[in-house]
Amino acid sequence: MRGLQLPLSQTQRIRLQRALEKLQSLSCKANSDASVTVADTIPVNYEDAFLKGHGTTDLNGDLVATVCGVVERINKLVYVRALRARYKPEVGDIVVGRVVEVSQKRWRLEINFSLDAILMLSSMNMPDGIQRRHTALDELNMRGIFEENDVVCAEVRNFQHDGSLQLQARSQKYGKLEKGQLLIVDPYLVKKSKQHFHHLAQFGIDLILGRNGFIWVGEHVEARDSMVVDQANSSEQSMVPEEKNQTHTPLEMRQNICRIANAVRVLSTLGFSSDADLILGTVELSSTVKIDIHDMLGSEFHVLVAEREAERRSLMGKRKR
Amino acid sequence: MDYVSPEGLRLDGRRPMEMRQLRAEIGTVAKANGSAVFEMGNTKVIAAVYGPREVQNRSQQINDQALVIMANFSTGDRMRKPKGDRRSTEISLVIRQTMEACILTHLMPRSQIGLCFNSIFTKKKHYTIFKELIDLCALSCLLASSFPISVYSRKRNISILNVSAGTRSACINAATLALADAGIPMRDIVTSCSAGYLNSTPLLDLNYIEDSAGGPDVTVGILPKLDKVTLLQMDAKLPVDIFENVMGLAIEGCKAIANYIREVLLENTKQLEYRRGL
């Protein structure tokens, strides 16, 4: 078992155990034993045709798992969804990455995939919002847009024939992320949903749940959608962001960022999936029990979160019935 | 010296066909993609897997499969030799080849998978130091150099086991767990176990004292589901009929370890799944 590396007191240990057992009993009802490990035979009905998908292989006519995970069946397709693997990109996913290299007409981004992703200069909107051809001058100024170690948000565009991955950032909501924290969780904990950008208005914070497990918590920036306006006075505006960058993030904002970031950390160490509701719920819990931000990573809060999650899931289960 | 008493017990009180106590834990190195601790008696090995990720040394990139690399194994020697000594080169080669045989490398072309090991000969009171070492592992996630264990060992007086067959098989078992934890597709799990022949008795899973006796010692690594042998090492001579016995014993040991590893993996998978929720 994956042990929590926390100093737990006797009562805390028992409380945590009870909460986890409750979670287990809840999920057991939902899906019967579909977990497999490496080299387990997956039971399939050989009379019907079936397609073997990812994480499976054929061994003497048997279907055998090659990764540890959960068996999923969709019509004829049988595949194993691996937990705790590196990110497997799908076209259209929103990812957060870190620039590792600036090279000819492209940036290379580390996005927790088996290769570095490529963001071409031509597949991104210029920060001034003008639609135009990219010139040699733009190529020289690439470092002015993203430098090495910048955190960037982008969308998966396509796979090249050789398996490498291309990204695009063709909208104002994508681009460089500043004034915040980048958190790295396991990709299986971030679920695909309609909304990956969240503006938490009560804190004034942007939360971006990258599908690759990179979660960004940062100060809210207004999306500059008004391209027309930008075009009109681009020359004057180009100076303004520079000045904005100089201003400090207020202390309260920084505390909010830390509080949300710690909530994500707690959820990821406990192995609970991180969606916006759950993160917000954890933040609320932390402020209702009046726990300090730096105590949020302590064992007491972990136990509290686990108990609350068990409660929440059991309520959800009842409502469904 | 008598390694098996007239009552049929070995020095540490085991029967000839009995294994040392096994213990495995998954997910101990926070920064790694997959990690595991495997204990066989007092031999303790931490394995960490990094990757599949972009190849760091571009010239080593392979176009149709993943590159499996491994840090030089840290042996008992404290002196660091620039090119790595023969013993550590040999053991890392053996482990790397064994693991490469079971990873489906063709599914992850042009990427690299890094393996790190750390072996400690522990007593319980050294557990806190062990935790420190885990933190160290997380820090030195670059595979280029081996871990600065030697510094620690001098300061804290941990005796590091000379690289013996026990560590070798413990490493392979730990690596299997770590690779499965990292979600890297594999043909089958690999398990390894050793057996020796002392006082004309085949002995399963030699401990440190028996290993230093210098008798014949067979290390076997198998793929239990495919029923294939991926590793077979012996440093001494044995008559064929006895060798068959000893190897059979080692294979039985491998199968027992495989059952244990499967249990641990299944338990871990279930835990991850139910904690994640819907």
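Q: Two residues are in contact if their C-beta atoms, placed from the backbone, lie within 7 Å. How many residues of chain A are in contact with chain B?
A: On the chain A side, 33 residues are in contact with 37 residues of chain B. This is a predicted model, where local features need pLDDT of at least 70 and side-chain atom pairs count only at pLDDT 80 or more, while totals for chains, interfaces and linings use all residues. Residues are numbered from 1 along each chain as its sequence is written, and chains are lettered from A and ligands numbered from 1 in the order in which they are written.

Q: Which helix and strand of chain A supply residues to that side?
A: Helix H1 (10–30) and strand S5 (69–74) of chain A each supply at least two residues. H1(A) gives the most to the side that touches chain B, with four residues. Helices (H or I, at least four residues) and strands (E, at least two) are DSSP runs, numbered from the N terminus.

Q: How many nonpolar, polar and charged residues are on that side of chain A?
A: The side of chain A that touches chain B has 16 nonpolar, twelve polar and five charged residues. Here Ala, Val, Leu, Ile, Met, Phe, Trp, Tyr, Cys and Pro count as nonpolar, Asp, Glu, Lys and Arg as charged, and the others, Gly among them, as polar.

Q: Switching to helix packing, at what angle do H7(A) and H9(A) pack?
A: Helix H7 (residues 251–270) and helix H9 (residues 299–320) of chain A pack at about 70°, and their axes are 10 Å apart. Axes are lines fitted to C-alpha atoms, for helices over the stretch in contact, and angles run from 0 to 180 degrees between N-to-C directions. H7(A) and H9(A) are therefore roughly perpendicular. As for the classes, under 35 degrees is roughly parallel, over 145 roughly antiparallel, 65 to 115 roughly perpendicular and the rest oblique.

Q: Which residues meet there?
A: From H7(A) come Val266(A), Leu267(A), Thr269(A) and Leu270(A), meeting Phe301(A), His302(A), Val305(A) and Ala306(A) of H9(A). Six of the residues in this contact are nonpolar, two are polar and none is charged.

Q: Over to chain B: in what order do the four strands of the open sheet come?
A: The order is S7-S6-S8-S9 (chain B), with antiparallel pairing. Two strands pair if DSSP finds at least two bridges between them. S7 (201–204) and S9 (228–234) of chain B are the edge strands, each with a single partner, so one side of each has no neighbour in the sheet. On average, neighbouring strands are turned by 25° against each other, direction ignored.

Q: How many bridges join S6(B) to S8(B)?
A: Six bridges link S6 (residues 191–198) with S8 (residues 217–223) of chain B. In one of these pairings, Gly196(B) has Asp217(B) in S8(B) as its bridge partner.

Q: Which strands does H1(B) lie across?
A: Helix H1 (residues 86–102) of chain B lies across S8 and S9 of chain B, at about 170° to S9(B). Helix H6 (residues 240–276) of chain B also packs on the sheet, where H6(B) touches S6, S7 and S8 of chain B and makes about 145° with S6(B).

Q: Back in chain A, what does S9(A) pair with?
A: S9 (residues 117–124) of chain A runs antiparallel to S8 (residues 106–110) of chain A, joined by four bridges. S9(A) also pairs in the parallel sense with S11 (residues 165–169) of chain A, over four bridges. In the hairpin of S8(A) and S9(A), Asn112(A) takes a positive phi near 70°.

Q: Where is Asn75(A), and is Asn75(A) buried or exposed?
A: Asn75(A) is in the loop between S5 and strand S6 (77–82) of chain A. Asn75(A) is exposed, with 7 other C-beta atoms within 10 Å. The cut-offs are 20 or more other C-beta atoms within 10 Å for buried, 12 or fewer for exposed, and partly exposed in between, with C-beta atoms placed from the backbone. Phi of Asn75(A) is positive too, near 50°.

Q: What about Lys105(A)?
A: Lys105(A) has a positive phi of about 60°. Lys105(A) is partly exposed, with 14 other C-beta atoms within 10 Å.

Q: Last one: which residues does a cis peptide bond join?
A: Gly51(B) and Pro52(B), with omega about 0°. Pro52(B) is in strand S3 (residues 43–54) of chain B.
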